[in-house]
Amino acid sequence: MEIFGIPHQAFLGQLMLGLVNGAFYAMLSLGLAVIFGLLGIVNFAHGALYMLGAFAAWIMLDKFGINYWYALVLAPLTVGALGVLIERLFLKHLYKIDPIYGLLLTLGLALIAEGIFRELYGVSGQNYNVPELLSGATNLGFMVLPNYRAWVVLVSLAVCLGTWYLIERTRLGAYLRAGTENAALVQAFGINVPLMVMLTYGAGAALAALAGVLAAPIIQVNPLMGSNLIIVVFAVVVIGGMGSIMGSILTGLGLGVIEGLTRVFYPEASSIVVFIIMVIVLMIRPAGLFGKEA
Amino acid sequence: MKLKTLVAAMAIGFAAAASAQNTGPVKIGFITDMSSVYADIDGPAGGEMIKWAAQDFGGKVLNRPIEVLTADHQNKADVASSKAREWIDKDGLSMLIGGTNSGTALAMAKVAEEKKRPFMVIGAGSARLTNEACSPYTVHYAYDTVSLAKVAGTALVKAGAKNWFFLTADYAFGYSLEGDASTVVKANGGTVVGAVRHPLNASDFSSFLLQAQSSKAQILGLANAGGDFTNAMKAAKEFGVNKTMKIAGLLVFINDVHSLGLANTEGLQLADSWYWNQDDASRKFAKRFFDKYKRMPSSLQAADYSVAMNYLKAVQTAGTTDADKVMSTLKGMKIDDFYNKGQIRADGRMIHDMTLFQVKSAKESTTPWDYYKVVAKIPGEQAFTTVAESKCALNKK
């Protein structure tokens, strides 16, 4: 059996790989959507935070012998703490002014982080091995899927759905959403809004770092890994609708799959297909697929 | 009368400009990828090597100070060519060295030819530079795609690897390398089953590798470089592609091997023009580099030093920076230093020996950066495009 001229087994294999990449897009765009939705900050440092997560894991293993499983928790915590620091030192001064300042500030921070790591470690990248427990591969019938990639999809889905649930379905999430609508009123009810906002940015940073740790065994840990990805992730968020959490998850997964299929049918276009879709979506639905029309 | 004054004024003006050309500093420009995928194999350290050559030459040539300018082309051909144009027009650049990325090198070669300036290509691989796109002012000094294909490709096909599939970087260099390697494969009785082209700086290779695997070819030829090569190797191992196919890296630098580690690269065969541990003179150069950068130099960084030094020697011998005279001096002289021995041919191709290396296993490697063992030394006449194969008009006299 063939689908679009390629054997259906190969087709299923490519769908699966698209899903793996989509899982990364989903996790990263989720963090962006949360930060934008709750802080109104267009967080251009997101790619750098992702890179820092991967480097944190590598440094932990290389310098301190801390293995992957601990790094999976410790690296996001470290980067999350850095996120809190960034929010306290810089971002909190920017909420009341034009969003462009937040964008410029975070872009600047990203360039600084990237520059420092490029100076320290060069661009060739550092090798991080797949943890013993997840090495090897499983034969799915239509393809041999490395166990580690399956793990990535599972973790990502769990984290994405967990975050969505937390924000859309719990009391804490309700406070958060209310805080963005009318901070003064929520504050009046005795809720510490600045603390909540600070922790939200920290959590967004930790999400990016977690994606970085997950990516470390798959690609070379490299100072440029974030900037390679961030533009695509922004396109994902724009397509999904700025600030829409479920939108960014679904769009991330969907675009990963579409990009994966483009790699088969017209590989040369695989790096721009997301942007073509973005242009089309912006023309038809300027608020994005899942965004609310203003 | 007025006209005469004008002409006289102009003549004086020209004379002044000409003498300024001959007394100001001799400027050497270096345009390469300073910050992205190829920055480690060449980049800022490559620029520093050119400065070292200028210092070691004595800092002066023809009693004029030597000045080295560097710029980042960000892998964009238009940035590279406009910077080259600016330096030549405004700064009176004497010679330009082109770093990594063939797209940028092809663009700069056109500017150099138009403006008549010697253009030395180090990092870029496309053999078109001294073949279809050859120019009297271009020198292709280090390696090229033909030599990679002839040296690494021939050895593999002769060892029994007949069916090839290519994973190719989607730009000038990738096309050249895939094309040249295909020619070598076919000439030695092999076949090319297919190819897939990936965007430069693609981070995920799993999809491309799955396509390669389903081609059932014996050999996967990686016609890419730098970060693309390392990420493709890593994914190939993860997906077990290295168990069903033999993987041939067509352009591998020592930085890539270091980055991936011997466990991931052991047994890999590769062609290169220079290796830090090949002889005493090279080890001496490498030590000086290591003391500054805490890593070993790539062949490109060695070539950056060598080409700048030999250019300065040619300027000294010719007694001028005039492009035509320097080019004819360069093409007439023997090049013999720690980097390589050879001669620059009429088409600008520097003909020197290439070496086929094999990556050592972790057991065989005894000191840091001790990564390669020599499989074969291929004489320059066999490694590069022959005059008979060449389409460059400069070879047909």
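Predicted model: local features only at pLDDT ≥ 70, side-chain atom pairs only at ≥ 80, totals over all residues.
Residues are numbered from 1 along each chain as its sequence is written, while chains are lettered from A and ligands numbered from 1 in the order in which they are written.

**Overall dimensions and secondary structure**

- The C-alpha trace of chain A spans about 65 × 50 × 35 Å along its principal axes, and the chain contains 11 helices and four strands, where helices (H or I, at least four residues) and strands (E, at least two) are DSSP runs numbered from the N terminus.
- The C-alpha trace of chain B spans about 85 × 40 × 35 Å along its principal axes, and its secondary structure comes to 15 helices and 16 strands.

**Interface between the chains**

- In the interface, 33 residues of chain A are in contact with 34 residues of chain B, contact meaning that the C-beta atoms, placed from the backbone, lie within 7 Å.
- On the side of chain A that touches chain B, two or more residues each come from α1 (8-39), β4 (144-146), α9 (225-240) and α10 (245-265) of chain A, and the largest share, five residues, comes from α1(A).
- The residues on this side of chain A divide into 16 nonpolar, 14 polar and three charged, with Ala, Val, Leu, Ile, Met, Phe, Trp, Tyr, Cys and Pro counted as nonpolar, Asp, Glu, Lys and Arg as charged, and the others, Gly among them, as polar.

- Six strands of chain B form an open sheet of mixed pairing in the order β2-β3-β1-β4-β5-β6, two strands being paired if DSSP finds at least two bridges between them.
- The edges are β2 (60-61) and β6 (138-140) of chain B, each with a single partner strand, so one side of each is left without a neighbour in the sheet.
- Strand β5 (residues 119-121) of chain B runs parallel to β6(B) and is joined to it by three bridges, with Met120(B) opposite Val139(B).
- Helix α3 (residues 77-91) of chain B lies across β1 (26-32), β3 (64-72) and β4 (95-98) of chain B and runs at about 170 degrees to β1(B); axes are lines fitted to C-alpha atoms, for helices over the stretch in contact, and angles run from 0 to 180 degrees between N-to-C directions.
- The axes of α3(B) and helix α4 (residues 102-115) of chain B come within 8 Å and cross at roughly 25 degrees, which makes the two helices roughly parallel (angles under 35 degrees).
- The residues of the contact of α3(B) with α4(B) divide into eight nonpolar, three polar and three charged.

- Strands β12 (residues 334-336) and β13 (residues 341-344) of chain B pair in the antiparallel sense over three bridges, with Ile335(B) opposite Gly342(B), and form a hairpin with four residues between them.
- Three bridges also join β13(B) to the antiparallel strand β14 (residues 350-352) of chain B, where Gly342(B) stands opposite His352(B).
- The hairpin of β13(B) and β14(B) has five residues between the strands, and Gly348(B) in the turn has a positive phi of about 100 degrees.

Terms used
Contact = placed C-beta atoms within 7 Å. Parallel < 35°, antiparallel > 145°, perpendicular 65-115°, else oblique.
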